[in-house]
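Hello,

Here is the structure I promised to pass on.

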Amino acid sequence: LVGVVSVKYAAFIMRADNKGEGGIMALMALVQRCTENARQARALMLLGLFGAALFYGDGVITPAISVLSAVEGLEIATPVFKPWVVPITLGVLLGLFAVQKQGTGRVGALFGPITGAWFLVLAALGILNILAAPQVLFALSPHHAVFFFQAHPGLAFFSLGAAFGFSALAAGA
């Protein structure tokens, strides 16, 4: 799935260029230029606006959910933080968006090392747990997907479509 979506994204979406701009807004502009039928252009524009709304909604909700779930980890560490989860989350988000105005380079310089350390901790904990129970690696076997398609072909078809749709959405298509 990752390979197909990545190839599709790299081969198709990345080539959609509107005077140096890309993404859903560029696709909307290209559709307007390339479609002669006004009714068809209007329908495609509505689809583009829907895609843009999903993109902006994702840009708002994803940071909030990510930060909230990370801060909720403090509550697991000690119940003392329970009343402070939402205020800490708001503070982190306000700080993040305040720094973001100064450019992505500044955000990357600030959060890059934190993110790198986080991934190293996750990798170390993952390796330790795999060493403790190596049978979890059997979950990576594709035979589970084959059995799912055999047992539930209709549901599997729609599940695969949803996986492609969400991965394309996450890729910014």
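A term to start with: a residue is buried when its relative accessible area is under 20%, exposed when over 50% and partly exposed in between, using a 1.4 Å probe and protein chains only. This is a predicted model, so to speak of local features we need pLDDT of at least 70, side-chain atom pairs count only at pLDDT 80 or more, and totals for chains, interfaces and linings use all residues. Residues are numbered from 1 along each chain as its sequence is written, and side-chain values use heavy atoms, leaving out hydrogens and water.

Now to helix α3, residues 38–77 (helices are DSSP runs of H or I with at least four residues, numbered from the N terminus). Its 40 residues reach 59 Å from first C-alpha to last, close to the expected 58 Å (1.5 Å times one less than the number of residues). Buried in α3 are A41, M45, G48, G51, A52, P63, V67 and V71.

Is T35 buried or exposed? T35 is buried, because its relative accessible area is 16%. Leaving aside residues up to four places away in sequence, T35 touches Q40, A41 and L44 (contact means heavy atoms within 4.5 Å).

Best wishes

Key: Helix = DSSP H or I, 4+ residues; strand = E, 2+ residues; numbered from the N terminus.
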